[in-house]
Every structure is written in C-alpha cells, then in structure tokens.
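Welcome! Here is a short briefing to read alongside the structure.

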Amino acid sequence: MSVLSQFVFNGIVAGSVYALIALGFALIFTASRVFHFAHGGVYTVSAFAGYTVMVTLGLGLAAGFATAALVAALMGVGINMVLYEPMKAGNVSPFVAMISSFGVLIILTNLTAIVWGSNPTVLSPGGSATIYRLGPIYTTGPQLQIIVFTVVLALLLWVFFRFVRLGIAIRAMGSDAELAEVVGMPSRRLRHISFIVGSGLVGISSLLIGLNVGIIDFNMGFDIMLMATVAMIIGGLGNVGAAAAGGFVLGVVQNVAIWKIESKWQLAISFGILILMLLFRPSGLFGERGPAA
Amino acid sequence: MLTVEKLNAFYGKKQVLFGVDLTLRDRSIAAVIGPNGAGKSTVLRSIFGLVRERQGRITFDGRDVSHLSPVHNIAAGLAFVPQGARVFRELTVQENLRMGGYTLPSAVLAQRRESALQAFPVLSERRTQKAGALSGGERQMLAFAMALMLRPRLLLIDEPSIGLAPKLVTQIFDTISAIREELGTSVLIVEQQAQQVLRVADTVFVIRAGELISHGPVENYRGEDVLRQVYLSNRTSQVN
C-alpha cells in the first residue's frame with residue numbers, strides 16, 4: 001500500500017509538471033487558437049537564462065526566476081508578433097502556423113545546445129534537497145512547491161477565465177475572432193497579453209521544474225512539450241481546468257503503471273492512452289464538446 | 001444622420017461595390033435589398049469598417065467616419081449585428097451580454113445587462129446557459145441585445161431572417177421596429193426577404209451587382225410587380 005501511495009504521489013509530481021506546461025499552452029491556445037509548440041522552446045531557453053543569472057552570475061534565486069519569466073514573456077510575445085500575427089492577417093491555415101511553431105521549437109532547442117552546450121547542466125539551490133516524510137510518502141521541498149504552485153495557478157486561471165472581463169474576452173475571442181472585433185475588442189492586444197502571461201508562467205515553471213529534477217538540458221522542452229500535448233488531449237483542449245486535470249491523470253497513470261510494468265513501457269503507455277482517447281473520446285475527459293458546425 | 005457617397009469596396013483585387021450612395025434620416029429604418037450576391041452585406045461591413053479596402057466618403061452626424069475601424073465606429077455611436085445570429089457560442093448568455101458591452105465602463109455595463117435581461121425575458125431564463133444551446137430565434141435576440149448594450153444611435157443589421165422560420169422572422173422584424181420606437185435608434189437593415197423588411201422600413205435602397213439601381217420611400221416598393229421590375233431593369237432609377 002505504501003509503495004502504491006508513493007507511486008501515486010510521484011505521479012502527482014510528474015503530473016504537476018505536465019500541467020504547468022499545459023496551462024500556459026492552454027491560455028495561449030484559448031486566445032489565438034494556435035498550436036504553440038514553440039512553447040517548449042521558450043521553456044528551455046528561459047530555464048537556461050534563469051540558470052545563467054542564478055548560478056553563473058550568482059545573483060540568487062529571485063533574480064533567476066525574474067529573468068526566466070521576463071525572457072520567456074518576451075520570447076512568447078515576439079514569436080506571436082513575428083510569426084502568428086502576420087499569418088493571421090494573411091489568412092494562413094492554422095495547420096501551417098502549427099508546423100511553423102514546431103520549426104521554432106526545433107530552432108530554439110538547437111540554439112540552446114549551441115549557446116549552453118549539449119551536456120546536462122546541474123541546477124541546484126545548493127546542497128542536496130531535504131527529504132520530508134508525510135505518512136507513507138517521501139517528498140522534497142521543490143516537489144511540494146511544484147504541486148502547490150500548479151494547483152494555485154490552475155485555480156487563479158480558472159477564476160480569471162470565468163469572472164474577469166479580460167479573461168472572458170480572451171475566451172470570446174477564441175470562440176469567434178470576427179465577432180470579437182464587432183463588439184470592439186482589441187484582439188491583437190488581447191492575444192499579445194495571452195502570450196506574455198502564458199509564456200511568463202512557463203518561464204517560472206521551467207526553473208521550478210529544473211530545481212526539482214536537479215538538471216536542465218537542451219532537449220528538455222522537446223520531451224515535455226510532447227507529454228503536455230498528450231495531457232491536454234486527455235484533459236480536453238481550450239480549457240485550463242481540463243488541461244491541468246489531464247496533466248495529473250497522465251502523470252499518475254504513467255507512474256502507477258511502472259509499478260507493475262517495466263519502466264521502458266512508460267512512453268508506450270502514454271501514447272496508448274492518447275490513441276484510446278482519440279478513438280473513443282476525442283473531446284477529452286473534461287473537455288467541452290464544441291458545437292457540431 | 002448617415003451619408004454614404006461613392007462607396008467602392010474590394011475583396012483583394014476584386015471590386016464588389018461600385019460608387020454606392022446612401023442616406024439615412026434620424027430615427028428612420030432603411031432597407032438595403034437586392035438579389036443574392038449583390039454586395040448588400042458588403043455595404044454594411046464597409047460602413048462599419050470590417051471591410052478595410054474601401055473608398056468613398058462616409059459621414060455620421062456630420063463627422064467623417066470613412067476610415068474608422070470597428071472599435072472607433074462603436075465610440076462614434078454605431079453598432080453592428082452580423083449575419084447568421086452570431087453570438088459567442090461557447091460563452092453563457094450573460095457572458096455574451098457582458099462582451100457586447102466590452103467597451104463600456106463596468107458600472108454602466110452591469111446596469112445595461114440587467115435592463116437587457118428585463119427587455120428579453122427569454123434570455124433572462126437562460127442567462128447561465130451556453131449561447132450555443134439556444135435556438136436560432138433566441139440567438140438572434142441575443143445578438144440584438146448584445147448590440148443594444150452599446151445604446152447605439154445607428155444599428156446596422158445584416159440579414160436577420162437567415163435560417164429562421166417564417167413566424168420567427170415576423171417576430172424579429174417586430175423587434176427591430178420596437179427598438180426604433182423605444183430607443184430612437186436609426187436602423188440600416190440588409191435583407192434578402194424583401195416582403196418582411198418592407199413592412200417596417202421607411203426607405204428602400206436596391207442593390208444589384210454592387211451598384212445602387214433604385215431608391216425611394218417604401219410606399220413605392222410595396223406593389224406586387226414593382227420589385228420584379230426594379231430587379232430586372234437595366235438603368236439606375238429613382239422610383240417616385
């Protein structure tokens with residue numbers, strides 16, 4: 001029993017990581033309806049930028065987080081300005097935007113390897129992490145921070161999208177961009193805001209996750225983007241609560257599965273779930289079924 | 001209150017409107033009618049600034065609004081109800097009303113949302129439901145209510161009858177008439193179903209192939225054969 005609860009807990013930690021990436025992605029998707037795979041590249045670069053300020057320059061934790069958030073926010077809004085907005089103006093298919101975004105992910109991944117090297121980089125707050133015991137479960141400070149940060153962030157975003165005028169406007173714009181213009185919404189500005197906030201959050205997440213794992217490497221955004229995408233399809237697209245929930249479900253299933261099955265099957269299990277979801281419940285576990293038209 | 005002079009509009013390189021002139025008196029309802037694909041909707045979309053490639057002069061209350069974008073036209077006192085009972089389907093009824101008044105200060109917005117819900121009891125019953133779950137007629141009412149949140153001086157309505165049952169169409173045009181009576185709003189309607197719109201309009205403009213081919217007071221268009229003659233005639237005429 002205690003073994004199972006530890007696996008479930010590990011799953012919640014892993015799930016939080018997926019959920020954190022999925023939350024920013026979902027915010028951006030809600031606003032712009034772009035499959036922003038480059039989000040994974042923003043995640044990688046901001047982690048290394050934070051590392052440089054925090055460790056290389058020795059300016060401390062707070063400066064590291066601020067840098068990661070700032071770099072990520074600027075990159076996100078920059079990608080929107082240079083790539084997606086011109087495509088929207090030219091009525092380019094969303095599919096083309098998605099492929100371009102994937103290209104940006106590859107470019108950013110490789111740029112990171114060129115600038116910071118291709119070996120894993122140790123990222124540690126100094127000393128080894130203290131291990132806490134909660135009943136039958138062992139955990140660390142960074143793990144608990146990630147879970148709390150994820151849950152609080154998911155709740156804040158949920159409130160933002162349900163009750164705040166700006167949040168409702170972002171949902172409205174995703175639902176019908178032309179009607180948004182008809183009622184006088186500043187659509188471009190709303191999309192820029194979504195990219196700034198969604199990317200800033202992934203910048204903060206990148207360091208939180210880096211500190212938990214203990215290392216960062218140039219390929220981290222690629223792997224995590226893959227899992228975050230699976231999580232969002234499991235949860236349901238275009239809904240922050242569902243994206244977070246999908247992350248938790250995926251994390252727990254992956255970790256509980258390796259309790260009974262060899263861990264080399266973990267990826268196969270993840271994609272197996274993805275295929276089953278696409279076959280039997282394409283709108284996701286918690287997604288809203290869109291109108292038929 | 002609204003004057004449109006020599007309006008040209010383009011979709012890319014293709015010209016769809018050719019020198020359309022149009023005037024609308026204060027507190028009046030004008031109908032733009034004409035065959036399918038004549039460019040009727042483009043007239044409204046150009047006036048409101050949704051079609052950006054346009055030439056000509058548009059004045060509203062003596063002010064030049066020829067080059068304004070939708071958000072600035074809203075500030076000037078215009079509102080637009082697009083074709084097909086367009087609402088934000090994934091949002092609830094009250095969220096839609098809130099978005100209709102996006103440009104208003106919060107206090108005004110809350111107050112007007114309440115009066116909108118009072119004016120449209122059907123919407124009040126369904127205020128927490130998704131707009132996508134409403135019937136076609138209810139969605140069209142919601143679309144009106146959203147535009148009226150802005151208390152526009154001029155309401156532009158694009159083909160309100162599309163996809164609705166005949167009985168509902170009558171109701172929709174009664175609503176438009178009531179909006180003018182109660183709020184003093186001027187209305188410019190584009191409509192395919194000429195019979196219905198002629199029931200409520202004061203002035204008629206007939207558009208064919210992107211050109212204004214006829215205009216005049218509504219009485220002159222009520223006869224059985226008048227419209228057919230107008231549609232088929234080859235020259236620009238003023239029906240007196």
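Chain B contains nine helices and 11 strands; helices (H or I, at least four residues) and strands (E, at least two) are DSSP runs, numbered from the N terminus. With a radius of gyration of 18 Å, close to the 18 Å that the globule rule gives for 240 residues, chain B is as compact as a globular protein of that length. The radius is taken over C-alpha atoms, and the rule is 2.2 Å times the number of residues to the power 0.38.

**The model and its confidence**
- This is a predicted model, in which local features need pLDDT of at least 70 and side-chain atom pairs count only at pLDDT 80 or more, while totals for chains, interfaces and linings use all residues. Residues are numbered from 1 along each chain as its sequence is written, and chains are lettered from A and ligands numbered from 1 in the order in which they are written.
- Chain B has a mean pLDDT (the predictor's confidence in each residue, from 0 to 100) of 92, with 96% of its residues at 70 or more.
- For the complex, the predictor gives an ipTM of 0.90 and a pTM of 0.86.

**Overall build of chain B**
- The C-alpha trace of chain B spans about 55 × 40 × 30 Å along its principal axes.
- Of the 240 residues in chain B, 47% are buried; that means 20 or more other C-beta atoms, placed from the backbone, lie within 10 Å of a residue's own.

**An enclosed helix**
- Helix 3 (residues 93-100) of chain B has eight of its eight residues buried, so it is largely enclosed by the rest of the structure.
- Among those buried residues are B:V93, B:L97 and B:M99.
- They pack against helix 4 (106-119), helix 5 (121-125) and helix 6 (136-148) of chain B, together with helix 6 (165-175) of chain A.

**A four-stranded sheet**
- Chain B has an open sheet of four strands in the order 2-1-4-5, with antiparallel pairing; two strands pair if DSSP finds at least two bridges between them.
- Its edge strands, strand 2 (14-24) and strand 5 (63-64) of chain B, each pair on one side only.
- Seven bridges join strand 1 (residues 2-11) and strand 2 of chain B in the antiparallel sense, and B:A9 has B:L17 in strand 2 as its bridge partner.

**Where the chains meet**
- Chain A brings 15 residues to the contact and chain B brings 19; two residues are in contact if their C-beta atoms, placed from the backbone, lie within 7 Å.
- Helix 6 of chain A gives the most to chain A's side, with six residues.

How values were computed
A residue is buried if 20 or more other C-beta atoms lie within 10 Å of its own, exposed if 12 or fewer, and partly exposed in between; C-beta atoms are placed from the backbone.
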